[in-house]
Amino acid sequence: DSLMKTAKIPPAVNQVQYNLFYRNTDTEAACQNSSIALMGYTPLSKNVTHTLTHPSVTSIADKHQVAPAQVALRWIVQKGHVVTVQSTSPQHQQEDADVFGFQLSADEMSELDGVKGMEGVVV
C-alpha cells in the first residue's frame, strides 16, 4: 500500500515466492486490488520432492495423465498468476511449458488450495 501511495508509475508485476505450500494472501489480494500481476517464483516449493509426491498432486496428475509438476504449475496459472520456472532438463522444460493442455476442476482447485497449511512459512 505504501508503494502505491508514492509511486509515480505503479508496478506492473510483483514477483514473490508462490506455491502450494507458501503463499501470502495479503500480497495476493493487494496485487489483485491494484491490478498488479503476481508472478510466482519457486513454484514447486523449496522442497520440490514434497510437492511432486504430495498425494493430492499425484492423484490429480494421474487423473489428467500429466506430470505432478504440471499440476502445481497449472494451479498457479489457473489462479490468474504468472509463473517462472527453471530447469536444465529438456523434458522438464517441455512439461513446464505444457500446462495449457488440461484444466483443473473447481473441486481439484479447492483440494489444492487446501494443502497449503503453512502460509508465510518456507517449505
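Let's start with helix α7, where the buried residues are Glu-108, Met-109 and Leu-112. Looking down the axis of α7, you'd find those buried residues within an arc of 100 degrees, so they line one face of the helix. The arc, by the way, is that of the directions from the helix axis to the C-beta atoms. On the other side of α7, Ala-106 and Asp-107 are exposed. Here buried means under 20% relative accessible area, exposed means over 50%, and partly exposed is in between, with a 1.4 Å probe and protein chains only.

Quick housekeeping: this is a predicted model, so to speak about local features we need pLDDT of at least 70, side-chain atom pairs count only at pLDDT 80 or more, and totals for chains, interfaces and linings use all residues. Residues are numbered from 1 along each chain as its sequence is written, and side-chain values use heavy atoms, with hydrogens and water left out. Helices (H or I, at least four residues) and strands (E, at least two) are DSSP runs, numbered from the N terminus.

So what do the buried residues of α7 pack against? They pack against α4 and α5, and contact means heavy atoms within 4.5 Å.

Take α5 now. The axes of α5 (residues 68-78) and α7 (residues 106-113) come within 11 Å and cross at roughly 105 degrees. That makes α5 roughly perpendicular to α7. Angles of 65 to 115 degrees count as roughly perpendicular, under 35 as roughly parallel, over 145 as roughly antiparallel, and the rest as oblique. Axes are lines fitted to C-alpha atoms, for helices over the stretch in contact, and angles run from 0 to 180 degrees between N-to-C directions. From α5 the contact uses Val-71, Trp-75 and Gln-78, and from α7 it uses Met-109, Leu-112 and Asp-113.

On to α4 (residues 55-64), whose buried residues are Ser-56, Val-57, Ile-60 and Ala-61. Seen down the axis of α4, these fall within an arc of 130 degrees, so they line one face of the helix. They pack against α3 (48-52), α5 and α7. Turned away from that buried side, Pro-55, Asp-62 and Lys-63 are exposed.

Last one: Ile-9, in the loop between α1 (2-6) and β1 (13-17). Is Ile-9 buried or exposed? Its relative accessibility is 71%, so Ile-9 counts as exposed.
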